[in-house]
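Dear colleague,

I am handing over the structure below, and my notes on what was found in it follow directly after. Please read them with the model open beside you.

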Amino acid sequence: MNNLKVQERQSRVCTTVAIAIVAETCGPFTVIPALMNEYRVPELNVQNGVLKSFSFMFEYIGEMAKDYVYTVTALLEDALTDRDLVHRQTAATSVKHMALGCVGLSCEDALNHLLNHIWPNIFETSPHVINAVQEAVEAMRVALGPGNILLYLV
């Protein structure tokens, strides 16, 4: 976790991937408490690293994500409403991977709650954030069904 505090970007990215691999191998319950504790550190690099770790972790663990949706919902909600663009972009990517891992596994209430926080970011002007938000909405379409997304449009 200390590597999330260094200035060198390459080291931070490698650390986030390593954390996700540990979560996949040993179980997410070994990593999530430490990540959530590190997110409280008021440094952008650390918080972004935690969000990136969640993104990689949910991508790697697939359907195991259903057991941890309710645990990380508040953290992702905070990141999706943050002023920092990178926070919102990375949180949207995390939500995308989490939603795709939870398709049909009875997590629709938490995913719908996260969609309420993703949707306002659709008006963002940064191309990277727009792409991440659109991918998250597409993942929500798969997880929640096209009818729920249609209700947001109407």
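This is a predicted model: local features need pLDDT of at least 70, side-chain atom pairs count only at pLDDT 80 or more; totals for chains, interfaces and linings use all residues.

Residues are numbered from 1 along each chain as its sequence is written, and side-chain values use heavy atoms, with hydrogens and water left out.

Leu100 has a relative accessible area of 45%, so Leu100 is partly exposed (buried means under 20% relative accessible area, exposed over 50%, and partly exposed in between, with a 1.4 Å probe and protein chains only). Together with Val103 and Val142, Leu100 makes a nonpolar surface patch of about 220 Å². Patches are made of residues with over 30% relative accessible area and no salt bridge, where like charges are joined within 9 Å and nonpolar side chains (Val, Leu, Ile, Met, Phe, Trp, Tyr) within 5 Å. The areas come from the Shrake-Rupley method with a 1.4 Å probe, and for residues only the protein chains shown count as cover.

As for the chain as a whole, the protein chain has eight helices and zero strands. Its radius of gyration is 15 Å, which agrees with the value near 15 Å that a compact globule of 154 residues would have; the radius is taken over C-alpha atoms, and the globule rule is 2.2 Å times the number of residues to the power 0.38. Along the principal axes, the C-alpha atoms fill a box of roughly 45 × 35 × 20 Å. Buried residues make up 47% of the 154 residues, and the chain exposes about 7700 Å², of which carbon and sulfur atoms supply 55%. Among contacts (heavy atoms within 4.5 Å) between residues at least 6 apart in sequence, 69% join residues at least 24 apart.

The structure holds four salt bridges, a salt bridge being a side-chain nitrogen of Lys or Arg within 4 Å of a carboxyl oxygen of Asp or Glu. One of them joins Glu135 and Lys96, with 3.0 Å from N to O. This pair links distant parts of the chain, since Glu135 lies in helix H7 (residues 127-144) and Lys96 in helix H5, 39 residues apart. Glu135 counts as partly exposed at 32% relative accessibility, whereas Lys96, at 16%, counts as buried. Another salt bridge is formed by Arg141 with Glu138, whose closest N and O atoms are 3.0 Å apart; these residues are three apart in helix H7 and therefore separated by about one helical turn. Lys66 and Asp67 also form a salt bridge, again with closest N and O atoms 3.0 Å apart.

Finally, the structure holds zero disulfides, a disulfide being a pair of cysteine sulfur atoms within 2.5 Å. Cys14 is in no disulfide, and the nearest cysteine sulfur, that of Cys26, is 19 Å away. Cys14 counts as partly exposed at 45% relative accessibility, and Cys26 counts as partly exposed at 46%.

With kind regards

Key
Helices (H or I, at least four residues) and strands (E, at least two) are DSSP runs, numbered from the N terminus.
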